Amino acid sequence: MSFDKGFFDYWASKIIPLLEQRGLVQTLDYVYISGKESSFEVKRFLELLRASFTEEGIIELLFCVSCQYPPEKLDSIRDVYLKHKSLEEAHSMLQQQFIALLDKLQISDNIKHTIIEQKWGSAGNLIGRTVIATKIPKSGHIQEYFHETDPKKRASIYCHCPLYRETLLTDESKDTVYCYCGAGFYKAIWEYITGKDVHISILKSVAKGDDCCSFKIVVP
């Protein structure tokens with residue numbers, strides 16, 4: 001796997017202003033240097049952040065730079081939720097969008113059935129006012145993930161973050177606080193739909209040796 005400079009530049013463009021606001025010149029310099037060297041050590045970056053932030057502060061920072069579900073695809077769901085205040089209805093609409101996405105991917109019917117049966121994907125599993133959201137493997141690698149037997153390779157194939165995949169192939173310890181960047185994707189979905197602050201926590205992570213990344217979202 002090669003370093004994704006395009007993604008790094010996109011990610012850095014979001015986090016750099018936040019670091020500048022806090023005067024974290026050393027951390028900012030490290031980001032720039034990593035970009036020029038076409039490498040990025042997430043573990044080292046988090047060590048520098050931990051020297052200046054509490055864990056809660058790091059999590060909030062990562063929420064701000066997470067990838068986002070296209071808001072225009074959520075507008076109709078948001079309208080329905082605000083009209084009927086039904087999480088069930090909003091969840092059903094989001095699941096329909098997810099299934100439509102699966103239909104466009106080049107995966108076997110068996111794998112598609114497995115993903116839907118296990119309630120993986122952007123909509124997740126709605127239980128009362130709690131959503132258990134489990135990421136699918138990175139699109140383009142789904143077939144490969146289900147056939148890979150090496151745990152490290154499988155984790156790296158699964159991971160959606162181009163900056164973290166290489167780390168998953170190593171034996172070094174993993175700082176799973178970084179996974180809150182991925183958690184922010186789901187947090188933003190439900191906050192946009194409901195207009196409320198939601199609480200999200202990590203249940204599973206391939207960085208911890210799990211076979212998937214799963215999050216618990218509580219909607220008040």
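Tyr69 is buried at 14% relative accessibility, where buried means under 20% relative accessible area, exposed over 50% and partly exposed in between, with a 1.4 Å probe and protein chains only. Phe185 is likewise buried, with a relative accessible area of 18%. The model is predicted: local features need pLDDT of at least 70, side-chain atom pairs count only at pLDDT 80 or more, and totals for chains, interfaces and linings use all residues. Residues are numbered from 1 along each chain as its sequence is written, and side-chain values use heavy atoms, without hydrogens and water.

The whole structure holds 13 aromatic pairs. Rings of Phe, Tyr and Trp (its six-membered ring) pair if their centres lie within 6.5 Å; planes under 30 degrees apart count as stacked, over 60 as edge-to-face and the rest as tilted. The ring centres of Tyr69 and Phe185 are 6.0 Å apart with planes at 50 degrees, so this pair is tilted. Tyr69 lies in the loop between α4 (55-64) and α5 (75-84), and Phe185 in helix α10 (residues 180-194), 116 residues apart. Helices (H or I, at least four residues) and strands (E, at least two) are DSSP runs, numbered from the N terminus. Ring pairs join Tyr69, Phe185, Tyr186 and Phe215 into a cluster.

Two charges sit over rings, by the criterion that NZ of Lys or CZ of Arg is within 6 Å of the ring centre and within 35 degrees of the ring normal.

| Charged residue | Ring | Distance from ring centre |
|---|---|---|
| Arg154 | Tyr145 | 4.0 Å |
| Lys187 | Phe63 | 5.0 Å |

Four strands form an open antiparallel sheet in the order β1-β2-β4-β3, strands being paired if DSSP finds at least two bridges between them. β3 is joined to β4 (residues 214-218) by 5 bridges, and Ile200 stands opposite Ile217 in β4.
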